[in-house]
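Hello,

Here is the structure I promised to pass on to you. Please have it open while you read, and my notes follow just below.

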Amino acid sequence: MTVLLKAADLVKRPVVTLAGEDVGQIKDVVYSSQSGELAGFTLNGRGLFSGPLRKTLPWENVHGLGPAAVMIRDESSLADRKALSGVTEGAGGAVLGSTVITQSGRRLGVVTDVILAVGETMTDAVGYEIDPADASAPRRQFVPLPDTLAVSGEALMLPDAATEFIRDDLAGFGAAVEEFRNRLRGQAVAKAEAKGDARPHPADQPTAAAASSEPPEKRSTTQELPVDEPTAGDQK
Amino acid sequence: MIRFSDISGNPVMDTSTATAVGKVQAPIVDPVTQRLIGFRVKKSKGPGDVVLWTGLAGLGPDALTVDSAERLADPPAEWKRRAGTKLDLIGRVVLTEHGHLLGKVRDVEFDPADGRVTSLLLKDAFVDGERLLGIGSYAVVVTG
């Protein structure tokens, strides 16, 4: 199953081995500059006086990512600092603070956070939380991202269609992202219910299944932050 | 099955002298074998404060028995850290391997015959002993 969460919520989350030892905590989230996917995390030490760790945590070594902790197999899951340099950009660097502009030249707002879809095996940056340029809009909005996107400098270009899928809260945003991406792929999702109705519709399921490149867990996206989940024994 | 809370604080009796040589303080659990490997004992009159499971003469509802106070000794080197207070099971938070918080360990239920941990008791949940993956200084990690 997939949950949507804000990248900023991961910061300070402890990194715990399966043996139960905390080896660090998340300092920052690092994205791949080519695809916008999550590349990994930089780490701080645990404890009051510990500074940044020299180790990083590549995403493929994450065993589990939950509301209480980021789990890794053991300390060998940590890589050294070089593993994440070069191809990636820090969350505080290229993404946060850049302006989102549509291809037709409308300014949507400034990126304040990145929304991640976290599944059991893979994760993806699916949208941005923005501070809207339009003063009459709610204080924050969520815009979906295309599958791939160049995260470059001060501005991010989005297709015009993205404006239709802007949501004011995370509930329903997962479905909006899905529809947006399906539309960009030229799928025939231009059905009437694509507008407004954010809930996944049973009629949408065949279309989503037809998009073969879509990872299976995307279809069952639950639209809630993982902190709201029931805890005991729900991970079977 | 008995729960650790049923025997916590019970006296450890020396069968050769019929005197109390300590009180049961905490269970020591090996997460790899998911078994109790012994108990930490307070007010020990022996050379150390750990009695190993193999050194017990009896485990009754009202007392632990040993055949000599010498059984209360320092733990062997491989269990030294495991027996310390920093890795105590009771009171430690429980995380699943996917990073979900389940609660804190309130009690441990084990098989008195072989020391197998059958379940961890949380505030409002049971965790099967076989789900135990690790007991560390930060958390108890379980599968699922």
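This is a predicted model: local features need pLDDT of at least 70, side-chain atom pairs count only at pLDDT 80 or more; totals for chains, interfaces and linings use all residues.

α3(A) is mostly covered, with ten of its twelve residues buried. The buried ones are F173(A), G174(A), A175(A), A176(A), V177(A), E178(A), E179(A), F180(A), R181(A) and N182(A). As a reminder, an α-helix has 3.6 residues a turn, so residues three or four places apart point the same way.

Now for chain A as a whole. Chain A holds four helices and 14 strands. Of its 236 residues, 36% count as buried. Among the contacts in chain A with a separation of 6 or more, 54% come from residues 24 or more positions apart.

Next, the interface. In chain A, 22 residues are in contact with 19 residues of chain B. On the side of chain A that touches chain B, the elements giving two or more residues are β2 (14-17), β6 (62-65) and β7 (70-72) of chain A. By residue type, that side of chain A divides into eleven nonpolar, eight polar and three charged residues.

A18(B) is not a glycine, yet it has a positive phi of about 60°. A18(B) sits in the loop between β2 (11-14) and β3 (19-30) of chain B. Is A18(B) buried or exposed? It counts as exposed, because it has 8 C-beta neighbours inside 10 Å.

The other is K43(B), a residue other than glycine whose phi is positive, near 55°. K43(B) belongs to the loop between β4 (35-42) and β5 (50-52) of chain B. With 12 other C-beta atoms within 10 Å, K43(B) is exposed; the cut-off for exposed is 12 or fewer.

Last, a hairpin in chain B. Strands β13(B) and β14(B) form it, with four residues between them. β13 (residues 132-135) and β14 (residues 140-142) of chain B run antiparallel and are joined by three bridges. To find the pairing on screen, look for G134(B), which stands opposite V141(B) in β14(B).

I hope you enjoy looking through it.

Best wishes

Key
Residues are numbered from 1 along each chain as its sequence is written. Chains are lettered from A and ligands numbered from 1 in the order in which they are written. A residue is buried if 20 or more other C-beta atoms lie within 10 Å of its own, exposed if 12 or fewer, and partly exposed in between; C-beta atoms are placed from the backbone. Two residues are in contact if their C-beta atoms, placed from the backbone, lie within 7 Å. Ala, Val, Leu, Ile, Met, Phe, Trp, Tyr, Cys and Pro count as nonpolar, Asp, Glu, Lys and Arg as charged, and the others, Gly among them, as polar. Two strands pair if DSSP finds at least two bridges between them.
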